[in-house]
Amino acid sequence: MKILVAVKRVVDYNVKVRPKSDGTDVDIANAKMSINPFCEIAVEEAVRLKEKGVATEIVAVSMGPKQSQEQIRTAMALGADRGILVESDDALEPLAVAKCLKAIIANESPDLVIMGKQSIDGDNNQTGQMLGALTSMPQGTFASEVEIADGKAKVTREIDGGLQTVELTLPAIVTTDLRLNEPRYASLPNIMKAKKKPLDTTTPADLGVDTAPRVQTLKVEPPAERQAGIKVADVAELVDKLKNEAKVIS
Amino acid sequence: MSILVIAEHDNASLNGATLNVVAAAKAIGGDIEVLVAGSDCAAAGEAAAKVDGVAKVLVADNAAFAHQLAENVSLLVAEIGKNYTHILFPATTNGKNVAPRAAALLDVQAISDIISVESADTFKRPVYAGNVIATVQSSDAVKVLTVRGTAFDPVPAEGGSAAVEALSSADDAGTSSFVGEELAVSDRPDLTAASIVISGGRGMQNGDNFEMLYKVADKLGAAVGASRAAVDAGFVPNDMQVGQTGKIVAPDLYVAVGISGAIQHLAGMKDSKVIVAINKDEEAPIFQVADYGLVADLFDAVPELESSL
């Protein structure tokens, strides 16, 4: 079984991103970049399936600038066998990314696609579902458990009310939630080995995908800032403030 | 303008999130129709017809829609959606599961989690865990949006008398099936709808200690939430997580107990009207957003709080 894993280069989750002062875009010029945390969970899940003997090959794909090679190498250091970069300096919307992935899938014919449920920059939570629509594959989004057997994927999903389990006919798409697994750290020998693994590069144009944006960002601004309030001395003062000043309890 | 609102429901009743989405639809302006896709869902359809401001309710009652599997519902939405200028989903796990799939079938770039309507094609939405608010404009003929409920006050559930029309669609992609679900059972209010929320973090140390929060919650009529750290550590189930990738809440009062205040947690609760933080670390970032901060050991403060209510 072949698994395709999509990974995205994003601003590291520890960086507090701010808008540029002219409000045209976010200021991330010198920000530390990393693999999107949900994508890392996706890679880990694929590697575990390979270690269990369920999967035989893992292909890591990324869409983005040339530097996204770093995130593909990270995925290969964790255990992906080879990589494909769809190189583009444009900001690609989820629909365009899904179209690129569809074209890759037409060449690679994976049995399972695993990707993060959302990237922590755009917070869209769309690409997996869109890829499902474009390829007619079923989707197990927000997964906290994945079992593969008899040509099916049984996926437990984190939903608002608790957990839901669905059964999907392969090939299928899984998007990862936080509790699916805890990604390993890449070992130094594996980081060295990853540098020698094959990494092909293509472009959206080569794949026949039009990436012209449909949604234009007119402005970015900081959210309304909350002012820090006061410290209360004890529980009695807290209850008094909540009752008589904020009037939120009675 | 003709707007299709996709109802959130459990076949028997309408979920309150639908009322916030209708409010967003009103802010756009135009005829508002509601789609109830389910199985044996006539009751939910009737409830939708009573919602203030709804002109028509479409009920697609078929076994294929019983658990609102995205593969099937997205086919239905794409089939009827071409007739509308806007298709609005709640930004619930269900809405987020279906909306992008329907949008892609319509060749539309969806817009997630809108928090304001600037005009019929321009919306505001948070990005980067809410550290940045983007104003975005769609050039697609049909706008597919998910709506963050906390940003729109719900319309009244009663007062309307919309016509109900049955749809005969039975779209079944045949690629997915429902196996089962484990839903949290609680007498406390729903986390996203509660006017008071009390949440625990890593400082709670284990799941048993959440009992202290449940006692306070029951005195206040509050819901109980948790930080990602508490859920990851297995103290409490995932449906209690408040944050960037969990639930977004904006109650009148939010009490954060033993929560340090990571960016990802703040993204889920910083629009609360009044925030209280109880933490023994006075440097904890949660105090920077708290209206009332109490530097104290939660194991002393929470029982004292309970007994003084």
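User: How many salt bridges does the structure hold over all chains?

Analyst: There are 27 salt bridges over all chains. A salt bridge here is a side-chain nitrogen of Lys or Arg within 4 Å of a carboxyl oxygen of Asp or Glu. This is a predicted model, in which local features need pLDDT of at least 70 and side-chain atom pairs count only at pLDDT 80 or more, while totals for chains, interfaces and linings use all residues. Residues are numbered from 1 along each chain as its sequence is written, chains are lettered from A and ligands numbered from 1 in the order in which they are written, and side-chain values use heavy atoms, with hydrogens and water left out.

User: Why is the contact of A:Asp12 and A:Lys32 called a salt bridge?

Analyst: The N to O distance between their side chains is 3.7 Å, and the limit is 4 Å, so the pair qualifies. Both A:Asp12 and A:Lys32 lie in the loop between strands E2 (9-11) and E3 (33-35) of chain A, so the bridge ties together parts that are 20 residues apart in sequence. Strands (E, at least two residues) and helices (H or I, at least four) are DSSP runs, numbered from the N terminus.

User: What makes A:Asp12 buried or exposed?

Analyst: Its relative accessibility is 8%. Buried means under 20% relative accessible area, exposed over 50% and partly exposed in between (1.4 Å probe, protein chains only), so A:Asp12 is buried. A:Lys32, with 53%, is exposed.

User: Which residue of chain A forms a salt bridge with B:Asp291?

Analyst: The partner is A:Arg226, with the closest N and O atoms 2.8 Å apart. This pair also crosses between chains: B:Asp291 is in the loop between strands E15 (274-279) and E16 (292-295) of chain B, and A:Arg226 is in the loop between strands E12 (215-221) and E13 (230-232) of chain A. B:Asp291 counts as partly exposed, because its relative accessible area is 22%.

User: What makes A:Lys2, A:Glu57, A:Arg82 and A:Glu108 one network?

Analyst: These four are joined by salt bridges that share partners.
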